[in-house]
Amino acid sequence: QVQLVESGGGLVQAGDFLRLSCAASGRTFAIYPMAWFRQAPGKEREFVAAISSSGGTAAHADSVKGRFTISRDSAKNSIILQMNSLKPEDTAVYYCAAKTGGYSGRSYYTQLYDFDSWGQGTQVTVSS
């Protein structure tokens, strides 16, 4: 498996921005489809954004489309989540995930069960 470490979370005000990073270590000779999920208190973990192994294809949840952008830095085997125009409802723990096997020919994956490696999460809190 690959080890994932998120960073960049924090406390900001509504309208501010944050940039989350997820660095992969371990089996870094391969580049995996990856994604960001988030989990707010009392709620289920939900999909935020996904990106293909090449970085050429990406998808974003409707709730963040136009505000968040996922990208990858293949040289550093990491992914970025640029979050602009943050809202209080974006408050959650944000998790990075990687799919290291069992590919089905898709460019990216958006379901929890697609991913086998997870980071510990980074807290994002947006005050109104």
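Modeller: What follows is a quick walk from the overall fold to single residues.

Colleague: What do I need to know before I read any values?

Modeller: This is a predicted model, where local features need pLDDT of at least 70, side-chain atom pairs count only at pLDDT 80 or more, and totals for chains, interfaces and linings use all residues. Residues are numbered from 1 along each chain as its sequence is written, and side-chain values use heavy atoms, with hydrogens and water left out.

Colleague: How many helices and strands are there in the protein?

Modeller: Zero helices and 11 strands. Both are DSSP runs numbered from the N terminus: helices are H or I with at least four residues, strands are E with at least two. From the N terminus on, the order reads β-β-β-β-β-β-β-β-β-β-β.

Colleague: What is the radius of gyration?

Modeller: It is 14 Å. A compact globule of 128 residues would have a value near 14 Å, so the protein agrees with that. The radius is taken over C-alpha atoms, and the globule rule is 2.2 Å times the number of residues to the power 0.38.

Colleague: And what does the C-alpha trace span along its principal axes?

Modeller: About 40 × 25 × 25 Å.

Colleague: What share of the residues is buried?

Modeller: Buried residues make up 45% of the 128. Buried means under 20% relative accessible area, exposed means over 50%, and partly exposed is in between (1.4 Å probe, protein chains only).

Colleague: What about contacts between residues at least 6 apart in sequence? How many of those join residues at least 24 apart?

Modeller: 59% of them. A contact means heavy atoms within 4.5 Å.

Colleague: Switching to aromatics. How many aromatic pairs does the structure hold?

Modeller: Five. Rings of Phe, Tyr and Trp (its six-membered ring) pair if their centres lie within 6.5 Å; planes under 30 degrees apart count as stacked, over 60 as edge-to-face and the rest as tilted.

Colleague: Which strands hold Phe 37 and Phe 47?

Modeller: Phe 37 lies in S4 (residues 34–39) and Phe 47 in S5 (residues 46–51), so the pair ties together parts that are 10 residues apart in sequence. Phe 37 counts as buried, at 1% relative accessibility. Phe 37, Phe 47, Phe 115 and Trp 118 form one aromatic cluster.

Colleague: How are the planes of Tyr 103 and Tyr 109 set?

Modeller: That aromatic pair is tilted, with 40 degrees between the planes and 6.5 Å centre to centre. Tyr 103 is partly exposed at 43% relative accessible area, whereas Tyr 109 is buried at 2%.

Colleague: Now the loop between S8 and S9. Is Asp 90 buried or exposed?

Modeller: Asp 90 is buried, with a relative accessible area of 0%. Not counting residues up to four places away in sequence, Asp 90 touches Arg 38, Arg 67, Phe 68, Ser 85, Val 124 and Val 126.

Colleague: Where does Ser 85 lie?

Modeller: Ser 85 is also in the loop between S8 and S9 (92–98). Ser 85 has a positive phi of about 50 degrees although it is not a glycine. Its relative accessible area is 42%, partly exposed.

Colleague: Next loop along. What about Thr 100, buried or exposed?

Modeller: Thr 100 counts as buried, at 19% relative accessibility. It lies in the loop between S9 and S10. Thr 100 touches Val 2, Tyr 32, Asp 116 and Ser 117, again not counting residues up to four places away in sequence.

Colleague: Where is Gly 102?

Modeller: Gly 102 sits in the loop between S9 and S10 (117–118). Gly 102 is exposed, with a relative accessible area of 66%. Its C-alpha is separated by 8.5 Å from that of Asp 114, 12 residues apart along the chain.

Colleague: Last one. Which loop holds Ser 74?

Modeller: Ser 74 is in the loop between S7 (68–73) and S8 (78–83). At 35% relative accessibility, Ser 74 counts as partly exposed. Ser 74 and Ala 14 are 31 Å apart in space, C-alpha to C-alpha, and 60 residues apart in sequence.
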